[in-house]
Amino acid sequence: MKVWPGEPYPLGATFDGSGTNFSVFSEAAQRVQLCLFDEDGNQECISLPEVTGHCWHGYLPQVIPGQRYGYRVFGPWDPARGIRCCPSKLLLDPYAKAIDGDIKWDDSLFPNRPDMAPDALDDRDTAKFMPKCVVINPFFDWSKDRPPRTPLHETTIYEAHVKGLTMLMSKIPPELRGTYAGLSEPAILDHLAMLGVTAIELLPVHQFVHDRALVENSLRNYWGYNSIGYFAPHNEYSSTGQAGQQVQEFKQMVLRMHEAGIEVILDVVYNHTAEGNHYGPVLSMKGLDNFSYYRLNADDMRYYMDYTGTGNTLNMRHPHVLQLVMDSLRYWVTEMHVDGFRFDLAATLARTLHDVDKLSTFFDIIQQDPIISQVKLIAEPWDVGMGGYQVGNFPPQWSEWNGMYRDSVRDYWRGADRTLGELANRFTGSSDLYENTRRRPHASVNFITCHDGFTLRDLVSYNHKHNEANKEDNRDGSDDNRSWNCGTEGPTDDPQVCELRSRQQRNFLATLIFSQGVPMICSGDEIGKTQGGNNNAYCQDNPISWLDWDNADEDLLEFVACLVQLRKEHPVFRKWKWFEGGRGWGRHQKDIGWYRPDGVEMSQKDWETGHFKSLQLFLSGVLKVVDQRGQEVTDDDFLVLFNASDGVREFKLVSFPLIREWRVEISTAAPKPCDDDEVYKPGQVVPLPSRSLMVLKNVRQQQ
């Protein structure tokens, strides 16, 4: 096999139409072998001839797309110094664009185990147990692609799982279910269009690993938060099973999503990898250059700093690790055409030594990058380390999953005391968290549920988690669910309980959609998905997690679609500036006002009265904003009535000089959207059923 010197950049395997350049970083290596594999698993190992700036490289003119490969690194095995080189361990390329096969768990993958002496080495070869990297064909016709570029304040996110969304949908051909191709089938695109969402946020699609403990327990890492390849689309989601074809299939999915007006956001896990702690497997970075890639304990470099609860933390202080992450992000934008990222446990990326620093190097680099800074950036603003809860503290161009929103709205609708003030803050965009940093309401990504925790239906059906299927004696998963089972734990035929649960689901969804900020709907909530009370279904790659389309709640789906459509039609629900609480432009009323059920404006004493659970919110159609052409944006006036109490409450509808009538748009007391025929006069008393919400509209006349 011919080998030429090649180039140190780009890293990874790069086919140029004639041959392939290979380059891999390792400061710890004394020699690096490139191992090429045929379809029978036979290998040919070639020492890379050059090293430039710790990047080992070579060009092979005979290597074309489809070639499987891996690396072996020759260097010290010295865990006490944080170095874990072992040439008997075949290593995945951190820059691999595709990976073929999966791990076949064997003790040899774990070079040092609890049953061995400290720093001892199991040097058995691992090639037959390892998946292989694949040289890909990088060429794809994007000429018809037109990214939607939906403004954040007009965005509605749908969080979904590639497999879970498509696996049980009968309208998708069986061979395409659970795949990228299935995700772009008309049945899915039609559902997203009917629902009205503008972006799909996919749970991790970077190549990930099914943990050994799960596999041996007949479980799988369904969610995928166990990355091992930051450039490679996960191969199990390919419909063809052909090495490298998952890349073309993913690109085709993105293209079709864009054609349907849907943006694609990726949930990315740059905080840790699947290599675990000091007893974990050697699969890639640990064997390439453990000291550079991971945060090690300064007092004993055998051990890892673990801010993620998974055994290791990527070392974002090292320039080559920063380069890896930034190259990965740019690749997914420029080559795969995705529209944004949600960063898992993003506080970990901000850690310098031990503290979280929002101005850390990673965020500085994001800020100045001309490509990454222009896409949607969403942080999960916490990790498991000390000081890791950082809601509200990320840089200006970032949005955040607002965990305080989730908790506050859950508390309000389950009837907790002293929740009105919190509800008001969260419903109007959480200015207490974001305004002081000069961010807009769309900095808040609002959600009631997400992949992690109860589904919406389970939130109103269970007081306690039921995770027995995870085989951890129900010890896993959060105990702080802020849920309410409406009087009965789990499934029931009691019609009153069932009706209340349905109403509570509508309450949560209406609150979510009409709140200022970016609403995020968890896939399946719109059709009444249940996981049987499992609030940690990360290992359930089966019907517990998959969407049950055959038993979809069609009434709820219609209701949610109506909510999203109403939000789209009325900019008052998606302002890109904060409410001021002052008078409108030459109008008599404020741009926003909070009132008691009797129509009297809320006082400080009212806000502090713990047992109050009902109020009305006035939203003026005079928005005090202009569009891109400098024209004033106006809307109708809206009144939102909240009643989380156990009984019917009478509301005296607020009255202003320009209010002619209040027409009911939405009532969560009804199973279907209103037909727009209920009309009330300002000042009229309206009974609002217990635990329900009503949205009324005053059609504003042009002045």
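Predicted model: local features only at pLDDT ≥ 70, side-chain atom pairs only at ≥ 80, totals over all residues.

Student: In what order do the six strands of the open sheet run?

Tutor: The six strands pair in the antiparallel sense. β22 (592–595) and β29 (679–680) stand at the edges. Reading across, the order is β22-β23-β26-β31-β28-β29.

Student: Why is one side of β22 and of β29 left without a neighbour in the sheet?

Tutor: Look at where they stand: β22 and β29 are at the edges of the sheet. One side of each lacks a neighbour there because each has a single partner strand.

Student: How many bridges join β26 to β31?

Tutor: Start with the other pairing of β26: six bridges join β23 to β26, antiparallel, and there Gln616 has Leu641 as its bridge partner in β26. On the β31 pairing, Asp637 stands opposite Asn698. β26 and β31 also run antiparallel, and their bridges number seven.

Student: Which residues of β26 point the opposite way from Asp637, Leu639, Leu641 and Asn643?

Tutor: In a regular strand, side chains alternate between the two faces of the sheet. In β26, Asp637, Leu639, Leu641 and Asn643 take one direction. Both sets are buried, in keeping with seven of the seven residues of β26 being buried. Pointing the other way are Phe638, Val640 and Phe642.

Student: What angle does helix α9 make with β26?

Tutor: Helix α9 (residues 403–413) lies across β23 (614–619), β26 (637–643) and β31. Its direction relative to β26 is about 65°.

Student: And what angle does α13 make with β31?

Tutor: Helix α13 (residues 495–514) packs on the sheet as well, touching β26, β28 and β31. The angle between the directions of α13 and β31 is about 45°.

Student: In the loop between α12 and α13, what is the phi of Asn474?

Tutor: Asn474 sits in the loop between α12 (456–459) and α13, and it is partly exposed, at 22% relative accessible area. Although Asn474 is not a glycine, its phi is positive, about 65°.

Student: Arg482 has a positive phi too; is it buried or partly exposed?

Tutor: Arg482 lies in the loop between α12 and α13, and its phi is about 50° although it is not a glycine. Buried would need under 20% relative accessible area. Arg482 has 24%, so it is partly exposed.

Student: Moving to helix α3, which residue follows it with a positive phi?

Tutor: Helix α3 (residues 186–195) has Ala187, Ile188, Leu189, His191, Leu192 and Leu195 buried. Their cover includes β12 (157–160), α1 (162–166), α2 (180–183), β13 (199–202), α5 (245–259) and α14 (554–569). After α3, with phi near 95°, comes Gly196.

Student: Which residue in β15 stands opposite Gln207?

Tutor: β14 (residues 206–208) pairs with β15 in the antiparallel sense over three bridges. β15 (residues 227–233) is mostly covered, with seven of its seven residues buried. Opposite Gln207 stands Gly229.

Student: Where is Pro10, which is joined to Tyr9 by a cis peptide bond?

Tutor: The omega of that Tyr9–Pro10 bond is about 5°. Pro10 itself lies in the segment before β1 (12–15).

Definitions and conventions:
Residues numbered from 1 in each chain as written. Heavy atoms only, no water. Buried < 20%, exposed > 50% of the residue type's maximum accessible area, 1.4 Å probe, protein only. Helix = DSSP H or I, 4+ residues; strand = E, 2+ residues; numbered from the N terminus. Pairing = 2+ DSSP bridges. Contact = heavy atoms within 4.5 Å. Axes fitted to C-alpha atoms, helices over the stretch in contact; angles between N-to-C directions.
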